[in-house]
Amino acid sequence: MEKQSLRADDCEEKIIKQYSDLVYRLAFARMGTRHDADEIFQEVFLRFIKKKPVFHEEEHRKAWFIRVTINCSKSFWSSSWFKNVQPIDDDIAFETKEDMDLYHELQKLPPKYRGVIYLFYYEDMSIEEIGKALNRKNSTVRTQLTRARAALKAVIKEDDYV
């Protein structure tokens, strides 16, 4: 039996529902605000619908969404609009005070570290999977994860949470 390719137009709505949380959370982790995450979210799925990419495996589809989300985030940061905007404070509802504190501490990390932390801890991706998705060597991902943990630990100590 021949292996069938997974087409984007087969079930666009199903695919969008399947990957919406991943794309939005990654965009939010990288951008830091709901408004910016919404912009990235819309751009990613607009590209998906327009391009209608063909995937041979589900893993490739997931990697495509991660890669496009990261690329859109980078493009957004380099846009002149983003450089001239003052950030506003989002009031986000958290279940516990610890979740709120962790969110605020994570926002103090550089975006490349927030993204790696998010993919590793919240999406349960292995270092190899993150490396493939971000087009980085596994050693680079391990280094960024180690540095992200150290930076987070330093931020937490600095704020006297420990």
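**Exercises: surface and core of a predicted model**

At 42% relative accessibility, Tyr121 counts as partly exposed. The model is predicted.

**Exercise 1.** Describe the largest nonpolar core, then list the contacts of Ile66.

Solution. 
- Step 1: This core has 39 residues. Those touching the most other members are Ile40, Val44, Phe65, Ile66, Leu119 and Leu134.
- Step 2: Helices that give two or more residues to this core include H1 (12-31), H2 (34-51), H3 (58-78) and H5 (97-106).
- Step 3: H1 supplies the largest share, 9 residues.
- Step 4: Leave out residues up to four places away in sequence; Ile66 then touches Leu22, Leu26, Leu119, Met125, Ala133 and Leu134.

**Exercise 2.** Locate Asp124 and Asn135, and decide for each: buried or exposed?

Solution. 
- Step 1: Asp124 is in the loop between H6 and H7. Its phi is near 50°, a positive value in a residue other than glycine.
- Step 2: Exposed means over 50% relative accessible area. Asp124 has 63% relative accessibility, so it counts as exposed.
- Step 3: Asn135 is in the loop between H7 and H8. Its phi is positive, about 60°, although Asn135 is not a glycine.
- Step 4: Asn135 counts as exposed because its relative accessibility is 67%.

Definitions and conventions: Residues are numbered from 1 along each chain as its sequence is written. This is a predicted model: local features need pLDDT of at least 70, side-chain atom pairs count only at pLDDT 80 or more; totals for chains, interfaces and linings use all residues. Side-chain values use heavy atoms; hydrogens and water are left out. Buried means under 20% relative accessible area, exposed over 50%, partly exposed in between (1.4 Å probe, protein chains only). A nonpolar core is a set of buried Ala, Val, Leu, Ile, Met, Phe, Trp, Tyr and Cys residues joined through side-chain atoms within 4.5 Å. Helices (H or I, at least four residues) and strands (E, at least two) are DSSP runs, numbered from the N terminus. Contact means heavy atoms within 4.5 Å.
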